[in-house]
Amino acid sequence: MDITVLFKLTYGLYVVGAMDGERPVGCIINTCFQVTSQNPILAISLNKNNYTLDAIKRAGRFSLSILAEDTNPAIISSFGFCSSCDNDKYADYGYDMTEGAPMVKGKFAGRLVLDALNFVDNETHVVVLARLVDTVKGEGTPMTYDYYHRVVKGKAPKNAPTYVAEEESKGDKAESAGNKKRYKCDICGYIAEVEGELPADYRCPLCRAPKEKFTAL
């Protein structure tokens, strides 16, 4: 079964923010949809191992920032490929408090503030049903998950519901045609395809890791 076909389902990319006591935490998710129209209820999905999920359970209120195609790509790496348990993900960007929920600073297509209503167990993940409390207008074209894979060439972190192990991603190898060489970022999983070797000053477009952090595939 070619699991990569699931990449064709329509997804976006979002930063979830919540307060862990006095400390802001957050993560990247790709699953959010509106459930009701009046007095809107939305649903998001988080891995059970995600520290931000525990913070939402404690705080109740959280934010959702909708990534735009021109959002700083380093935010994806900072919030998507390490845990808030032992990392300050906001350190390089700062944040604003809106209705009691932290929002990482930067350009986003829009922002939401929500209150968790219910937590639905789904084996490895939990679907959080939440009431919309407030919105903040943004700018830019929302980044779809297809755009993230096709243009940014990003990978899904292991906690994402769409994560596919490297050996299962048959489509990746098929796309590497001709004499191009492929290098994988050890930090965020970005795959670089270049003619020959990576330039000495090359940096990962997602997490800004230097050439030394890339492994030839």
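**Reading the model**

Mentor: Let us start with K48, which is partly exposed, its relative accessible area being 33%. On this scale, buried means under 20% relative accessible area, exposed over 50%, and partly exposed in between (1.4 Å probe, protein chains only). This is a predicted model, in which local features need pLDDT of at least 70 and side-chain atom pairs count only at pLDDT 80 or more, whereas totals for chains, interfaces and linings use all residues. Residues are numbered from 1 along each chain as its sequence is written, and side-chain values use heavy atoms, with hydrogens and water left out.

Trainee: With which residue does the side chain of K48 meet in a salt bridge?

Mentor: Side chains of opposite charge can pair when their charged atoms come close. The partner of K48 is D121, and their salt bridge spans 2.6 Å, N to O, the term requiring a side-chain nitrogen of Lys or Arg within 4 Å of a carboxyl oxygen of Asp or Glu. Because K48 lies in the loop between β4 and α1 while D121 belongs to strand β8, the pair ties together parts that are 73 residues apart in sequence. Helices (H or I, at least four residues) and strands (E, at least two) are DSSP runs, numbered from the N terminus. D121 itself counts as exposed, at 51% relative accessibility.

Trainee: How many salt bridges does the structure hold, and which parts of the chain does the pair of D115 and R61 link?

Mentor: The structure holds eight of them. In one, the side chains of D115 and R61 meet at 2.7 Å, N to O. This pair links distant parts of the chain, with D115 in strand β8 and R61 in strand β5, 54 residues apart. D115 is partly exposed, with a relative accessible area of 24%, and R61 counts as partly exposed at 24% relative accessibility.

Trainee: Is D20 buried or exposed, and which residues are linked with D20 in a network?

Mentor: D20 is buried, with a relative accessible area of 16%, and its side chain meets that of R23 in a salt bridge of 3.3 Å, N to O. R23 counts as partly exposed, at 29% relative accessibility. The network of salt bridges links D20, R23 and R58.

Trainee: Turning to helices, which residues of α1 are buried?

Mentor: An α-helix has 3.6 residues a turn, so residues three or four places apart point the same way. In α1, which runs over residues 51-59, the buried residues are T52, L53, A55 and I56. They lie on the same side of α1 because they cover an arc of only 160 degrees around the axis, the arc being that of the directions from the helix axis to the C-beta atoms. Among the elements that cover these buried residues are β1 (14-20), β2 (23-29), β4 (41-47) and β5 (61-67), together with β8 (108-122) and β9 (125-137). After α1 comes G60, whose phi is positive, near 85 degrees.

Trainee: In which helix is S77 found, and which residues does F79 touch?

Mentor: S77 is found in helix α2, residues 74-80, and is buried, with a relative accessible area of 8%. Leaving aside residues up to four places away in sequence, S77 touches C82, C188, L206 and C207, where contact means heavy atoms within 4.5 Å. F79 also has its place in helix α2, and counts as buried at 1% relative accessibility. With the same exclusion of residues up to four places away in sequence, F79 touches V15, G26, C27, I28, K89, Y90, Y93 and V104. F79 and Y14 are 65 residues apart in sequence, and their C-alpha atoms are 9.8 Å apart in space.

Trainee: How many helices and strands does the chain have, and what percentage of its residues count as buried?

Mentor: The secondary structure comes to four helices and 12 strands. Of the 217 residues of the chain, 47% count as buried. Among contacts between residues at least 6 apart in sequence, 59% join residues at least 24 apart.

Trainee: Where does pLDDT stay under 50?

Mentor: That value is the predictor's confidence in each residue, from 0 to 100. The mean pLDDT of the chain is 86, and 87% of its residues reach 70 or more. Over residues 166-177, however, pLDDT stays under 50, and for these residues the model has 11 contacts beyond four places in sequence.
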